Amino acid sequence: MEETHNDRTEVRDLHYLQLLRTSFPNIASAATEIINLVAIMNLPKGTEHFLADLHGESAAFQHVLKNASGNIRRKVSELFKGRISEKKIRELCTLIYYPEEKLELIKASEDDIEDWYHITIHRLVSVCRDVSSKYTRSKVRKSLPPEFSYIIEELLHERTDDIDKADYVSGIVETIISTGRADDFIVAICHVIQRLAIDSLHILGDIYDRGPGAHVILDTLRQYHSWDIQWGNHDILWMGACAGNNACVCNVLRLSLRYANLATLEEGYGINLVPLATFAMETYGDDPCEEFVPKLLKGNTMDEKTKRLIAQMHKAIAIIQFKKEAQIFKRRPEWQMEDRCLLDHIDYRRGVCVINGKEYAMRSNNFPTINPDNPCELTDEEYQLMEKLHHSFRVSEKLQKHIKMLLSHGCMFNICNQNLLFHASCPLNADGSLKETPLYGGKSYSGKELMHQIGMLIRAAFENDSDSNLRLYARDYFLYLWCGKDSPLFDKSKMATFERYFLTDKETFKEEKGNYFQLRDSEEVCDRILDAFGVEGENRHIINGHVPVHASKGENPIKAGGKLMVIDGGFSEAYHSETGIAGYTLVYHSRGFQLVQHEPFTSASEAIEKGTDIKSTTQLVELSAHRMRVADTDKGAELQGQIDDLRQLLYAYRHGILKEKK
């Protein structure tokens, strides 16, 4: 291999090269690795998928992963258009998404199953070959199930149109069928196609709340090959509950009861709600609790007795929540949130609430657990209830495991391939400059450093070896992140939960959005944020979720001249009527960005039986002037660093600075 100028540069870190020599002991091994890395640099960029605000919609989420946001359907159509019917294309796609279930239906109806096996296996191999084409053989091999690794690899790299190999390929397929392994092989190769269709997955927060399957989503991610998350406000709420913040525990329970969604709590994490139900029936048995009747989503039917019990539980935990929140707000006066201690502002005799000197009528005035002289004090019964609920969250092994996953795969922000990812906002002043926000110890931060320090604070809440005062502050701070005015995960004037439950004047419901949401259409402001985070390049972007885009009203998710993309399109069923759609996926492949807009998902069973898919429309956001390669990505920069180091090692070998080993 010819030496370059870089090879001849001074070897600056001999100790590092000595360590590198343990993996590449001679010129041959180092040169081979350089050749391998340079080849990888010239492959097409892998496909990244960005999702936000899943809110427990596990069935829709899993389907989007299985169909790669419509990418698999597109590839199948391109491969077989004009060769097989639209019905056959649809059936093949459904088989790829749900191989186990679809196979059972096909075997029950197919007259000549062996012929079907022959045809289908060849088609699946063609699809697999297409989705694997942008990866090295080594990477594909690592994605293959061990029991079929050799067979799939052989089929991917041999073709029936090669006369010399036609019988070889046919013999492999015939033997798969004759040995009774066809079903297992089909299932295996379908999962490989799903795996290779998405190279990496970015979730911009809010896995939890509203929908019934947050725990299912996290179980799915636990097995997923490459993913990261930028924490959302609803994730932070559950993380706070897991860390022992009782105000967060109350909020988690209240939101679950509000949507009559107890599956994640009871079935997912084994949270015992019997003590809460018992307390609620005893305390609010004569209260109609009209403000707390749950919002039932489609398909969630409930008899009146159950609905009434949930309303009682809902009110019981809401009152305790307002008490626990007030205790923290008073303990942390530096947050300037004592005005949110609204239980202190009620005239319990007259049934009015006084806010900023103005009286507001209340919907109801039945507060049997409140002492007007000390409204934020828990009764003995409430205290004992919270002890039980706190214990239930702390000892839930599965919840603890899932929160550890969020900590290990997550952070407040991420910078990936010139894209700045965070869930909601970056606090700004009215002039668009970055806002200084105080944290523990009174020191203030803004922008990237603010996000980093918040992330460190969150982790401190789970570290037993951290300073006890810091740990207690960090545990309290989950509440500020949930509802604090300058929280990057909230960024509103207030969270009007109390007002919406108890006050009649809708003017009090207003939550003024922070400056980020007022200014984010400005290219200048977005550039300022990108500069502050150190994001460089001509095609750099901010990608957010958090605030649903009202597509039905003509709102565009692409803002600030393409510098900002907001991809919360309402995955949660609770938002479907508001947004008019059921979520976005932003897809970033080697040709550029595509925004996929999804219609509501029906069900997996309907997809299996009828071949229905999520109806999606694709909008081209930004096309690259050239097909992007691995060399154009963050991974490419990392590989280039490795190549430079290996060239230094070659120089050291060739000039006798280091001796080769056999």
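Which residues have the most contacts inside the largest nonpolar core? They are Ile-96, Ile-207, Leu-221, Phe-393, Ile-458 and Phe-498, and the core they belong to has 194 residues. A nonpolar core here is a set of buried Ala, Val, Leu, Ile, Met, Phe, Trp, Tyr and Cys residues joined through side-chain atoms within 4.5 Å. Buried means under 20% relative accessible area, exposed means over 50%, and partly exposed covers what is in between (1.4 Å probe, protein chains only).

Before we go on, please keep in mind that this is a predicted model, in which local features need pLDDT of at least 70 and side-chain atom pairs count only at pLDDT 80 or more, while totals for chains, interfaces and linings use all residues. Residues are numbered from 1 along each chain as its sequence is written, and side-chain values use heavy atoms, with hydrogens and water left out.

Let us start with the whole chain. Its secondary structure comes to 28 helices and 17 strands; helices (H or I, at least four residues) and strands (E, at least two) are DSSP runs, numbered from the N terminus. The radius of gyration is 29 Å, close to the 26 Å that the globule rule gives for 662 residues, so the chain is as compact as a globular protein of that length. That radius is taken over C-alpha atoms, and the rule is 2.2 Å times the number of residues to the power 0.38. Along the principal axes, the C-alpha atoms fill a box of roughly 95 × 70 × 45 Å. Of the 662 residues, 55% count as buried. Among contacts (heavy atoms within 4.5 Å) with a separation of 6 or more, 71% come from residues 24 or more positions apart.

Leaving aside neighbours within four places in sequence, Phe-393 is in contact with residues including Trp-238, Val-252, Leu-265 and Leu-399. A second, separate core of 18 residues includes Leu-37, Met-41, Val-630 and Ala-652.

With neighbours within four places in sequence left aside, the contacts of Ile-458 are Trp-231, Ile-236, Met-239, Leu-407, Met-412, Phe-478 and Leu-481.

In H11, Ala-166, Val-169, Ile-172, Val-173, Ile-176 and Ile-177 are buried. Seen down the axis, the buried residues of H11 fall within an arc of 140°, so they line one face of the helix; the arc is that of the directions from the helix axis to the C-beta atoms. These buried residues pack against helix H8 (113–131), helix H10 (149–156) and helix H12 (182–197). The face turned away from the buried side carries the exposed residues Asp-167 and Ser-178. Just after H11, Gly-180 takes a positive phi of about 75°.

The strands come next, where two strands pair if DSSP finds at least two bridges between them. An open sheet of 5 strands has the order E8-E9-E12-E14-E13, with mixed pairing. Strand E8 (413–416) and strand E13 (558–559) stand at its edges with a single partner strand each, so one side of each is left without a neighbour in the sheet. Within this sheet, 3 bridges join strand E9 (residues 419–422) to strand E12 (residues 541–544), and the two run parallel. Leu-420 has Ile-542 in E12 as its bridge partner.

Another open sheet, of 3 strands, has the order E4-E5-E6 with antiparallel pairing. Here 4 bridges join strand E5 (residues 352–355) to E6, and Val-352 has Ala-361 as its bridge partner.

Finally, strand E3 (residues 227–230) is covered on both faces: Trp-227 and Ile-229 on one side and Asp-228 and Gln-230 on the other are all buried. Strand E2 (residues 200–203) runs parallel to E3, joined by 3 bridges, and Ile-203 has Ile-229 as its bridge partner.
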